Amino acid sequence: MALTLFKKLGLTGKILIGMITGIVFGLILRAFFPAGELDSPQVLQDPYFIFVQDYITEGFLNVIGTIFISSLKMLVVPLVFISLVCGTSSLSDPSKLGRLGGKTIAFYLFTTAIALTLSIMAAVMIHPGHSSMSTAGNSFEAKDAPSLAEVLINIVPTNPMQALSEGNMLQIIIFAVIFGFAISHVGDKGKRVAALFEDLNEVIMKVVTLIMHLAPYGVFALMGKLALTLGVETFSSVVAYFFVVLGVLLVHAFITYPILLNLLSGLNPFTFIRKMRDVQLFAFSTASSNATLPVTIETAEHRLGVDNKIASFTLPLGATINMDGTAIMQGVATVFIAQVYGIDLTITDYITVVVTATLASIGTAGVPGVGLVMLAMVLNQVGLPVDGIALIIGVDRLLDMVRTAVNVTGDAVATVVIAKSENEFNEETFNDPKAGKTNVSFHKEHHTPM
């Protein structure tokens, strides 16, 4: 009976069940650990802990979760390259391509600046950190963040094949745009190549549909492992920081974005949010904008009514440079760490944080944990100790999941707004609650047997 009901659920319901059961499964196993921290000698020597750690956490859950994430990442490079070539090859007018790129980057940078401003204001007013907190024994060695000059230089690939093999998204985007633009300007030969890429795009979208059937099981494994490994004590030590970041993330996702969507496009934000649920759940589960990209593109085209030539350009670019959720974390974390160490920040410091973090979002990979690398650069810019990152690293995984959902929401808002302004938008599809269900296979009635 339960199995029949599960099969009748749409993808959103299945993912929610996978998420909840994964958390419950992890918490039940964790409840039988002996008292103490996970890294205490009493726990580490317990036979039950060794069994759970070796066979459940790093075995069963890790294998399933890693396979799911890998299957999504497997699609990212071919999906971005093929869809972007299809989109740009249909834009034969150079002025339109330039206008599209300008609008997209301007929108992303604008919302990132808003996100940072909101986060700094909230942290200053609520004051989540205090100088009495202990900072002893905490250490975090961050990788060196690239300078702005290095980011700009590295945008153009010296070897496109290397960029594709390494998954360097900005370089792939640049090469795909140039390649697609060239296709549109070589006459009949270009049309034949464009037709080939259109066929390849259909094939890769079918692969996306097949991978989606693994989602509930992958989410179960990811959440189960998270519940087993996240220290409750670590979370409680920075609970104020956690809720400030979470609150600003929710405000940005459900107030800032809907207002911008309605003002700039006149569309109903509630319809948009309802149709974005699957994408947000995927982003939350994977904590990776890049891994969620196949689902975001599929939803934008078939559920939101955005034309492929717009979605294939704005969404891969957004997964690379639009980091509003990460920017919110950086704003709150910078103020929080300054408060913990008893360091007063000036207005100039706050402006420096906004400008640095906004520019740093360009060229940053949309993968889990990248926000900590960006945060290290921001802290250096305003003279704060990078060791302070150790105070928040315990809860960063949970916040990383939420801010990734915010990032992909912002990508989709920008895509819809820009598509509407370019007259590449189907409003009937956007307003149709059933639109895209047959294409995305998110529901039982269109389930494809495995």
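Residues are numbered from 1 along each chain as its sequence is written, and side-chain values use heavy atoms, with hydrogens and water left out. In this predicted model, local features need pLDDT of at least 70 and side-chain atom pairs count only at pLDDT 80 or more, while totals for chains, interfaces and linings use all residues.

**Exercise 1. The chain as a whole**

Determine how many helices and strands the protein chain has, and what percentage of its residues is buried.

Step 1. Helices (H or I, at least four residues) and strands (E, at least two) are DSSP runs, numbered from the N terminus. By this rule the protein chain has 22 helices and zero strands.

Step 2. A residue is buried under 20% relative accessible area, exposed over 50%, and partly exposed in between (1.4 Å probe, protein chains only). Of the 450 residues in the protein chain, 55% are buried.

Step 3. Contact means heavy atoms within 4.5 Å. Of the contacts between residues at least 6 apart in sequence, 84% join residues at least 24 apart.

**Exercise 2. The record and the model**

State where UniProt places the feature "transmembrane region", and describe the chain over residues 60-85 and 105-126.

Step 1. The unreviewed UniProt entry places this feature at residues 12-33, 60-85, 105-126, 169-186, 207-228 and 240-267. UniProt positions are in the numbering used here, feature names are shortened, and annotations may be inferred rather than shown by experiment.

Step 2. Residues 60-85 are 100% helix and 0% strand in the model, with end C-alpha atoms 39 Å apart. Residues 105-126 are also 100% helix and 0% strand, and there the end C-alpha atoms are 32 Å apart.

**Exercise 3. Helix H15 and its two partners**

Describe how helix H15 packs with H9 and with H16.

Step 1. Two packed helices are described by the angle between their axes and the distance between the axes. Axes are lines fitted to C-alpha atoms, for helices over the stretch in contact, and angles run from 0 to 180 degrees between N-to-C directions.

Step 2. The axes of H9 (residues 187-212) and H15 (residues 289-302) come within 10 Å and cross at roughly 110 degrees. H9 is therefore roughly perpendicular to H15; the classes are roughly parallel under 35 degrees, roughly antiparallel over 145, roughly perpendicular from 65 to 115, and oblique for the rest.

Step 3. H9 passes H15 in a left-handed crossing. A crossing is left-handed if the near helix is turned anticlockwise from the far one by less than a right angle, and right-handed if clockwise.

Step 4. From H9, Met205, Val208, Thr209 and Met212 meet Pro294, Val295, Ile297, Glu298 and Glu301 of H15. By class, this contact has six nonpolar, one polar and two charged residues. Here Ala, Val, Leu, Ile, Met, Phe, Trp, Tyr, Cys and Pro count as nonpolar, Asp, Glu, Lys and Arg as charged, and the others, Gly among them, as polar.

Step 5. H15 and H16 (residues 308-321) pack at about 155 degrees with their axes 10 Å apart, so H15 is roughly antiparallel to H16. The crossing of H15 past H16 is right-handed.

Step 6. The residues of H15 in this contact are Ser289, Asn290, Leu293, Thr296, Ile297, Ala300 and Glu301, and they meet Asn308, Ala311, Leu315, Pro316 and Ala319 of H16. These divide into seven nonpolar, four polar and one charged.

**Exercise 4. Single residues**

Step 1. Not counting residues up to four places away in sequence, Asp432 touches Lys275 and Arg303.
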